[in-house]
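Subject: Structure for you to look at

Hello,

Here is the structure I said I would pass on. My notes on what turned up in it are below the display.

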Amino acid sequence: MTKLLEVKNLQTQFNTQAGTVQAVRGLDLYVDAGEFVGIVGESGSGKSVTMLSVMGLLAENGTVSSGEILFEGKDISPVPYARRKALKEYEEMMRHIRSKRISMIFQDPMTYLNPVLRVDTQLTEALKLHLGLTNKQARSRAIELMQMVGIPSPEERLRQYPFEFSGGMRQRIIIAIALSCNPSLIIADEPTTALDLTIQAQILDLLVSLQKKLETSIILITHDLGVVASSCSRVMIMYGGKMVEHGTTYEVFHHAKHPYTTGLLNSINNPDEDEAKKLVPIPGSPPDLLKPPAGCPFVDRCKKALRICKTTPPPRFNFSPSHFADCWLYYQPEQTAVKEA
């Protein structure tokens with residue numbers, strides 16, 4: 001079966017005055033049709049940059065230097081277009097894919113909603129552009145979308161401006177825009193970060209229910225493991241521009257293998273435990289991706305680091321068909337690594 005999205009050996013970098021930031025370094029991931037998967041990691045780990053690379057929305061100084069991005073079996077990476085000096089052709093292709101086939105929900109709705117345009121204008125724009133709907137048809141679809149995401153009195157509220165909505169309602173509008181053209185894949189980039197806890201739960205429940213109802217694939221980018229536990233079937237743990245662990249939600253939460261994953265789990269409270277445990281923060285800071293470590297990106301913060309961790313990238317070890325981690329702790333001379341990281 002063809003995977004809906006498959007990223008192979010993605011490398012994304014940013015040219016800055018200080019040098020080249022190697023934001024994503026040889027990343028592999030995949031998403032099947034109808035899946036709800038999570039990408040977890042602290043700020044600067046490369047989560048959002050990975051998805052902006054997929055969407056072709058990198059800043060001007062950002063470049064996908066190598067790798068494949070296969071969506072519905074077609075390579076949509078800018079790399080082959082850059083080689084042919086055909087980036088205008090690439091941009092034209094991505095304009096047809098964005099919103100229609102892949103949509104993105106951003107974490108701060110006020111940043112991505114135009115404050116001087118009414119909600120109906122912003123909701124109907126993609127419907128007219130990608131689906132060719134008339135004004136009447138687009139308005140009818142916009143009302144349907146607002147009802148779908150739980151906005152009351154949609155006929156009246158369509159004529160309002162973003163500042164007339166609460167933060168949670170603005171995020172629902174962003175979700176409605178993302179759903180407007182029935183995309184196969186929705187990328188949700190920390191969609192609950194700017195909201196209070198009650199509204200966060202409502203937005204997450206909304207995403208889960210919509211994913212089940214519409215059978216749309218969702219990639220949830222977050223630093224909150226609790227959000228992942230209640231929604232995702234698979235989890236990808238990123239650190240220092242690399243994926244360091246991958247598995248089902250159960251495998252990662254109950255049988256974590258990478259020290260970084262263990263550190264994340266130890267730094268959050270588990271409401272299912274009878275007694276509150278002492279939270280243990282991860283010491284130190286993420287690596288400087290201007291000069292990333294030669295070996296494991298987590299080496300300077302890892303209490304179990306070996307000498308080889310400083311000099312050589314760790315191999316990848318499988319613990320089940322779906323569970324792997326890149327860590328030297330599992331190396332044995334007679335054991336063959338599945339893949340060199």
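Predicted model: local features only at pLDDT ≥ 70, side-chain atom pairs only at ≥ 80, totals over all residues.

E251 belongs to helix α11, which covers residues 249-254. Apart from neighbours within four places in sequence, E251 is in contact with A256, S320, S322 and H323. I218 is 33 residues away from E251 along the chain, and the C-alpha atoms of the two are separated by 20 Å.

Next, the cysteines. The structure has zero disulfides. For C296, which is in no disulfide, the nearest cysteine sulfur is that of C309, 5.9 Å away. A disulfide would need the two sulfur atoms within 2.5 Å. C296 is buried, at a relative accessible area of 9%. C327 is likewise in no disulfide, and here the nearest cysteine sulfur is again that of C309, at 6.3 Å. C327 is buried too, with a relative accessible area of 7%.

Four strands make up an open sheet, ordered β2-β1-β4-β5, with antiparallel pairing. Its edge strands are β2 (19-31) and β5 (74-75), each of which pairs on one side only. Helix α1 (residues 47-55) packs on this sheet and touches β1, β2 and β4; the direction of α1 makes about 105° with that of β1.

Within the sheet, β1 has two partners to look at. Strand β1 (residues 5-16) is joined to strand β4 (residues 62-71) by eight bridges, and the two run antiparallel. In that pairing, E6 has L70 of β4 as its bridge partner, and V7 has I69 of β4. β1 also pairs with β2, in the antiparallel sense, over ten bridges. L10 stands opposite L27 of β2. The two strands β1 and β2 form a hairpin, with two residues between them.

Another strand pairing involves β6 and β7. Strand β6 (residues 102-105) and strand β7 (residues 185-189) are joined by four bridges and run parallel. I102 has L185 of β7 as its bridge partner. Which way do the residues of β6 point, and are they buried or exposed? I102 and M104 point one way, S103 and I105 the other way, and all are buried.

In α3 (87-97), the buried residues are Y90, M93, M94 and I97. They cover an arc of only 95° around the axis, so they lie on the same side of α3. After α3 comes S99, with a positive phi near 75°.

The other helix is α5 (residues 119-131). At 1.5 Å a residue, its 13 residues should span 18 Å, and the end C-alpha atoms are 19 Å apart, which agrees. Buried in α5 are V119, D120, Q122, L123, T124, A126, L127 and H130. Among the elements that cover these buried residues are α3, α4 (109-112), α6 (135-148), α7 (154-157) and α8 (167-179). G132 follows α5 and has a positive phi, near 65°.

Last, some backbone angles in loops. Most residues other than glycine have a negative phi. K85, a residue other than glycine, has a positive phi near 55°. K85 sits in the loop between α2 and α3, and is exposed, with a relative accessible area of 79%. S153 is also a residue other than glycine with a positive phi, in this case near 50°. The loop between α6 and α7 holds S153, which counts as partly exposed at 40% relative accessibility.

Regards

Note on methods
Residues numbered from 1 in each chain as written. Heavy atoms only, no water. Pairing = 2+ DSSP bridges. Contact = heavy atoms within 4.5 Å. Axes fitted to C-alpha atoms, helices over the stretch in contact; angles between N-to-C directions. Buried < 20%, exposed > 50% of the residue type's maximum accessible area, 1.4 Å probe, protein only. Expected span 1.5 Å × (residues − 1). Arc of directions from axis to C-beta.
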